[in-house]
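Please look over the protein shown below.

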Amino acid sequence: MEKEAVWREADGAGGAPGGAPPPPPPPPPLDCTAACCHGGAKMAVLAYSLGKREINQHFTIKNAKLISLVVVILLLVFHTALRYYEGGDSCEWLLSRGRYLGENVWQPYGCMMHKYKSIEAKTCLAEKRVAFVGDSRIRQLFYSFIKIIDPGRREDGNKHEDIPFEEESSAVNVDFLWYPEANNSMKERLISWTHEASAKPDVVILGAATWSIKLHSGSSETLQQYKVNLTAIAVHLERLADHGEVYWVLQDPVNEEVLSENRKMITNQQLELYNEAATDVLNSSKRSSRSRVKLLAASRQAALETISQSDDGLHLPESTRNVGAMVLMNSVCNKLLRPIDGSCCQTLPPPNFLQKLSACFFLGSAMVFLVLHVLGNNRHRRPVPPDVESLEEKKPATAAVPLGPKAPFQALCRMGIIMAYFYLCDRADVFMKEQKFYTHSTFFIPLIYIFVLGVFYSENSKETKLLNREQTDEWKGWMQLVILIYHISGASAFIPVYMHVRVLVAAYLFQTGYGHFSFFWLKGDFGLYRVCQVLFRLNFLVLVLCVVMDRPYQFYYFVPLVTFWFVVIYATLAMWPQILQKKANSSGMWHLGVLAKLLALLLFICFFAFSQGFFESIFSMWPISKLFELNGSIHEWWFRWKLDRFVVIHGMLFAFIYLVLQKRQVLSEGKGEALFSAKISNLLLFLSVVSFIILAFILIRNIPGYARSIYSSFFAWFGKISLELFICQYHIWLAADTKGILVLIPGNPSLNIMVSTFIFVCVAHEISLITNDLAQVVIPKDSVALLKRLGAVGLFSLIVLLLARGSQPMPGA
C-alpha cells in the first residue's frame, strides 16, 4: 500500500493504522549485547514509523482547514472587540505605544511606521508652517525634524533664542520658539496665532516642564500653577487644532545619576507628576470639544530604554530624538502621501468599481450555489487534477465522476470567502501590521526547523529517474519554504542571504525550462487546450487578486515572468518544423534542428537584453503595457526579466541533453545505481561540491543511487502548492503588500507567526484545489467551445481595460 504524504488531500482520508506487530522473541543469552542493540534499533524504527502514521491519521489537511476557519472567525471577533473597547485609532497607537526592534528600529504598536526621506518630507510639508514651542528638549526634537527635510542641517542655533528654518524649493517653514515654561508668555504667543489676520501654523508641537521644576526646586505650588497655566493654554490649543494639528510632548525621563548639581531636582518622579497633570488637563479638554490636542508619548517610552546613554542625563541620545521626529512625520504625512509601509494614521480608501463588482460576483455565485444545493444535493467526486506544470500527470486510480452543475459555484463561493479574508488582512482596518526586522536568528532558526521536519518525513521514491516527479516537487518545496522565511524575516537586508535566494528564484525558472521542454519533446501536445490549462493554472489567482486587492498584474512579478517564458518556450518548439523525440529517433540530424532552435532563442534573448530601448518600446504599447507596467513604468519588468534571462534556456538545454542520453541508454537510472561510472561520478561530484550552480545541485542530488531513491514527502507536499504559497504570502502572511508582517496575535510575535502560517498554508492549499476545479469547467476539451470562451474572455478583458483606461484621471485634473 502506498505511503501517505505528510498531510493528505482534503478528500483523501485514510484508515487507522493497523495494530502493532508482535514483539520479537527473546534474544539468545550468548549474544545479549548485539541482540539488545538490534532490538533497540527495531524499536526506534517502529516508533519512528508509528509516530508518522499517527500524525498523518489525525492531522489531515481537511481537519486543518476546519481548524483554520474557526481560528479566523475567533480572530475577527477578538480584533473587533479589541478595537471597540480599547480604541482602534492607529494614530493613537503611533503616538503613545511601541517597542524597540534591536537597538535603533522603533516599532509602534499595531501599525507600521514609514521612514521618510527628504523629498517625501518636502512634498508633504510644501507651503506649510510648522512651529516647535518649548525648551531645550523641544529644540532637540526640532533639529531632528528638520534633518529629515534637510539631512545636511547642523545644530548651530543659539540655545535660548528662536531658530528659524526655511526650505525654499518647497516653501517649507519650520520655526523653533524658545518658551521654556508653560506660562503667560506661551499663552500670549498662542493667542496671537488665533487672530483671524495672523498666519497660523499648520502644525504646532509644544512641551515644557523641566525649567519649572528647576527654577522652583520641584515645589508642589509650582505643580499646581503648572496645571492652572496649562488649563488656560488648552483653550487656545483647541482653537489652533480647529485649523491644524497640535501635539503636546510629554516629558521624557532623565538619568538622575549623571545630572549636574543644578538639575538634581529634576527627578523622574517629578516628571511623572507633570505628565499626569498635562494628561488630565488635555484629556478633559478633548472630552469637551470636537477638536483634539494629541499627546506625544512614544518618544518618552523609547527614552525609557535609552536615557542611560545620555551625556548629561537630561537630553536624549540622537537615535531616540530621531524616533520622536519620525513619529511626528508619520502622524502628519501618512494620511497625505499614503506610503504603503506606513499604515499608522492612514484612512482607508473606499472600494473601487471593480472591487465592488467582484464582491457582487462572489455573492451572486454563493446565492446560486445555495439555490442549487436546496433544489438537489448532487454529490460529486473531486477528480485528481493533473499537474499541468510538470511533465508527468497524476492518474486517478478510478474514473472520476464529472463535476456536477453546482461544483463551479461551490468553488467560487469558497474563493469568495478566501478573498474576503485577503481583503480584511491587507485592505481593511481589521488586523494589525508590523514592520520587518532582520536578525540572523529569525532567519536561520526557522530554516533549521523546516529541514529537520523535511528529514523526518523522508520516504522511498517510486522511481529513480533523474529529476523525477517526487524529486522536483521536493526541490520546489524546500526552495519555496526558504524564500518564505527570507521574506518574513526581512533577510534581503543581509547580502549573502539575498544572493543565495536569487539562485533559488533562478532555479524555479530553470525548472520551467526543463519541465515544459520535456513535456513538448516527449508528448508533442501543442494543442490549445494544454496551453490554456497552463495559463489558467499560472494566472487565475493573480488575476483575481489584481481585481480584489486593486494591484497591477506586474506587482506579482514572478507570475508574469513564468507566463512569459512558457509562451516563449511554446512558440520556440511549436514553430515549424516541430521536432519531437519520435522524429529525432529516426534521424540524428533532427537533433541539430533542436540545437538551431535553441541558438535562435539565445540570440533573441541577447537582442532584447542589450537593447533596453527596443525592449521598453515593445512592452510599453497598449494594451500589452497593462500587463507589465508598475506605477506607470515597465522598469520593474525590465529589471526582473533581465536578472535571470539565460536560466530558462539552460533548463531547456539540460532537458534536451538528458533526454537524449537517456534514450541512448548512457545513464544508469536503476535503484541504487550511480548515474555514471565510478570515476566519472566521483569527478562530477567533486566539481559540483566546489561550485555553486544549479547544475551542481542536480548532480549531487542524482548521481548517487541512494540519493535518487529517497525524497522528503514534507517538502514535496509544499512543492505541489508552491505557486499558491508564493502569491498568497503577499497579503495574508506578510502585510502592506509584503512590506510588513500581518499581526493576528498582538503582543506575542512567535505565537503570531505560528497561527498566521497555519492559516496561510491552509488557504494556499484550498486555492490550489479551487483552481483545478474551475479549470475543468472554464477550459473545455472541445476546441469549438474553447474558442468561443476565449473570444468571450478576450472581449470582456478589452471592455475592462477600456473602462480602466477611461476612469484614470487626466494629467493636471
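Where is the place of Pro577? Pro577 sits in the loop between helix H18 (558-574) and helix H19 (581-586). This is a predicted model, in which local features need pLDDT of at least 70, side-chain atom pairs count only at pLDDT 80 or more, and totals for chains, interfaces and linings use all residues. Residues are numbered from 1 along each chain as its sequence is written, and side-chain values use heavy atoms, with hydrogens and water left out.

**The whole chain**

The protein chain has 31 helices and 13 strands. Helices (H or I, at least four residues) and strands (E, at least two) are DSSP runs, numbered from the N terminus. The chain holds 813 residues, and 48% of them are buried. Buried means under 20% relative accessible area, exposed means over 50%, and partly exposed lies in between (1.4 Å probe, protein chains only). The accessible surface comes to about 39,600 Å². Carbon and sulfur atoms account for 64% of that surface. Such areas come from the Shrake-Rupley method with a 1.4 Å probe; for residues, only the protein chains shown count as cover.

Now take contacts, meaning heavy atoms within 4.5 Å. Consider those between residues at least 6 apart in sequence: 77% join residues at least 24 apart.

Most residues other than glycine have a negative phi, and most peptide bonds are trans.

| Site | Backbone feature | Value |
|---|---|---|
| Trp576 to Pro577 | cis peptide bond | omega near -5 degrees |
| Trp622 to Pro623 | cis peptide bond | omega about 5 degrees |
| Cys345 | positive phi, not a glycine | phi about 60 degrees |
| Asn631 | positive phi, not a glycine | phi near 55 degrees |

Pro623 lies in the loop between helix H21 (612-619) and helix H22 (625-628). Asn631 is in the loop between H22 and helix H23 (635-643). Cys345 belongs to the loop between helix H11 (318-337) and helix H12 (353-375).

Is Cys345 buried or exposed? Its relative accessibility is 6%, so Cys345 counts as buried. Asn631 has 78% relative accessibility, so Asn631 counts as exposed.

**Two helix pairs**

Two packed helices are described by the angle between their axes and the distance between the axes. Axes are lines fitted to C-alpha atoms, for helices over the stretch in contact, and angles run from 0 to 180 degrees between N-to-C directions.

Start with helix H20 (residues 589-609) and helix H24 (residues 647-663). Their axes come within 11 Å and cross at roughly 170 degrees. H20 and H24 are therefore roughly antiparallel to each other. The cut-offs are these: under 35 degrees is roughly parallel, over 145 roughly antiparallel, 65 to 115 roughly perpendicular, and the rest oblique. From H20, the contact includes His591, Val594 and Leu595. From H24, it includes Ile649, Met652 and Phe656. By class, the contact of H20 with H24 has 11 nonpolar, one polar and no charged residues. Here Ala, Val, Leu, Ile, Met, Phe, Trp, Tyr, Cys and Pro count as nonpolar, Asp, Glu, Lys and Arg as charged, and the others, Gly among them, as polar.

Gly593 is also in helix H20. With a relative accessible area of 21%, Gly593 is partly exposed. Its C-alpha atom is 9.5 Å from that of Gln578, 15 residues apart along the chain.

The second pair is H4 and H11. Their axes come within 10 Å and cross at roughly 75 degrees. That makes H4 roughly perpendicular to H11. H4 brings Glu120, Ala121, Thr123, Cys124 and Leu125 to the contact. H11 brings Met329, Val332, Cys333, Leu336 and Leu337. The residues of this contact divide into eight nonpolar, one polar and one charged.

Thr123 of helix H4 (residues 118-125) deserves a look. The C-alpha atoms of Thr123 and Cys333 are 9.2 Å apart, although 210 residues separate the two along the chain. A polar atom of the Thr123 side chain also lies 2.8 Å from the backbone oxygen of Ile119. A polar contact is a pair of N or O atoms within 3.5 Å; within protein, one must be able to donate a hydrogen and the other to accept it, and residues adjacent in sequence count only if both atoms are side-chain atoms.

**A buried glutamate**

Glu474 is in helix H15 (residues 469-488). At 8% relative accessibility, Glu474 counts as buried. A polar atom of its side chain lies 2.7 Å from the backbone nitrogen of Ser712. Leaving out residues up to four places away in sequence, Glu474 touches Arg701, Tyr711, Ser712, Phe715 and Ala716.
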